[in-house]
Amino acid sequence: MSAVDIAPLLRIEGIEAAYQDAIVALHGVSLAVRPGEFHALLGANGAGKSSTLKAVSNLLPAERGRVVAGRIVFDGHDVARTSPAQLVRLGLVQVLEGRHCFRSLTLEENLLTGGLGRSARRSEAADDLARVYEIFPRLKEKRRTLAGLSSGGEQQMAAIGRALMSRPRLLVLDEPSMGLAPLVVHQIFEQLALLNRDQGLTILVAEQNSTVALRYVDRATVLDAGSAVLGGEARELRQRADIQALYFGERVAGLEVRREAA
Ligand code: ATP
């Protein structure tokens with residue numbers, strides 16, 4: 001069986017989404033993430049990346065938004081009929097844009113909150129914590145530091161580590177590079193690539209920084225003004241100069257539109 005025949009873990013089928021039933025953010029976005037894949041959702045500011053990811057975790061209603069057409073299926077479950085908390089229990093775990101650490105808790109306490117939803121036994125939580133510290137040794141060194149006093153990179157690592165504590169099957173990240181120094185961005189993407197390669201973790205990451213993301217992911221989907229305009233293997237997309245132009249917000253005349261099959 002080829003990789004293409006494997007049923008996707010996440011299927012987004014032609015979703016349209018709107019806020020307050022007035023502002024249309026997505027116009028028929030489709031993409032599929034296969035088990036074991038590292039997939040990037042690329043696009044300029046306002047292209048619709050966060051809206052797509054919020055739709056994936058059924059979080060749009062919390063922002064007076066909703067999916068008005070199309071559907072999203074995670075591992076056989078219709079996302080629109082599954083609460084965000086249930087989705088986490090099913091293994092769909094998201095690291096939201098802006099890191100969202102509990103500032104008055106230590107980095108370790110932040111990590112431990114990630115295991116709470118799973119009602120994990122103490123020994124399991126300890127194992128998971130050790131695993132996160134292996135991935136991000138920096139967090140071990142700084143485990144007693146308050147998150148509010150940590151650097152942006154440490155907070156991002158803690159947010160990812162907290163998500164890992166809930167043992168995701170699909171890890172979804174919204175713009176992990178935001179506001180971080182280039183070296184730290186590479187460290188984070190390197191660890192994500194290792195988690196994907198060594199542990200088979202399926203990852204969907206939204207990124208504005210296409211150059212970095214395309215270096216690490218297997219496949220990518222490019223959003224422009226709420227539509228998926230390109231999709232394919234990262235190594236092919238890396239060669240395309242028009243993609244770079246899209247990231248700077250320029251429209252490319254005569255851009256070949258190849259909507260990805262769900
Ligand atoms: P960014 O990198 O800036 O977050 P993005 O690609 O994630 O960009 P979205 O945040 O999904 O894009 O925004 C897509 C469109 O939806 C934009 O026009 C934006 O103004 C609009 N939008 C996003 N969130 C809301 C909201 N809560 N209420 C109303 N409109 C919104």
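Tyr-19 reaches the ligand through its side chain: an N or O atom there is 3.4 Å from a ligand nitrogen atom. The model is predicted. Glu-63 also uses its side chain, with an N or O atom 2.9 Å from a nitrogen atom of the ligand.

How much of the ligand's accessible area does the protein cover? On its own, the ligand has 620 Å² of accessible area, and the protein covers 70% of that. H1 gives the most, with three residues.

The shell around the ligand holds 15 residues. Asn-45, Gly-46, Lys-49, Ser-50 and Ser-51 come nearest. By class, the shell has six polar, five nonpolar and four charged residues.

Now turn to the largest pocket. Its volume is about 530 Å³. Its lining counts 25 residues. Val-88, Val-93, Gln-94, Arg-162 and Ser-166 lie nearest the pocket centre. Which elements give two or more residues to this lining? They are helix H2 (84-90), strand S6 (92-95), helix H3 (107-116) and helix H6 (152-165). H2 gives the most to the lining, with five residues. By class, twelve of the lining residues are nonpolar, eight are polar and five are charged.

Key
Residues numbered from 1 in each chain as written. Predicted model: local features only at pLDDT ≥ 70, side-chain atom pairs only at ≥ 80, totals over all residues. Heavy atoms only, no water. Near = heavy atom within 4 Å. Polar contact = N/O pair within 3.5 Å; in protein donor to acceptor, adjacent residues only side chain to side chain. Areas by Shrake-Rupley, 256 points an atom, 1.4 Å probe, with all protein chains shown as cover. Helix = DSSP H or I, 4+ residues; strand = E, 2+ residues; numbered from the N terminus. Nonpolar A, V, L, I, M, F, W, Y, C, P; charged D, E, K, R; others polar. 1 Å grid on protein atoms, 1.4 Å probe; cavity = no way out; pocket = protein on both sides within 12 Å on 5 of 7 lines; lining within 4 Å. Points joined across faces, edges and corners; volume = space filled by probe spheres on them.
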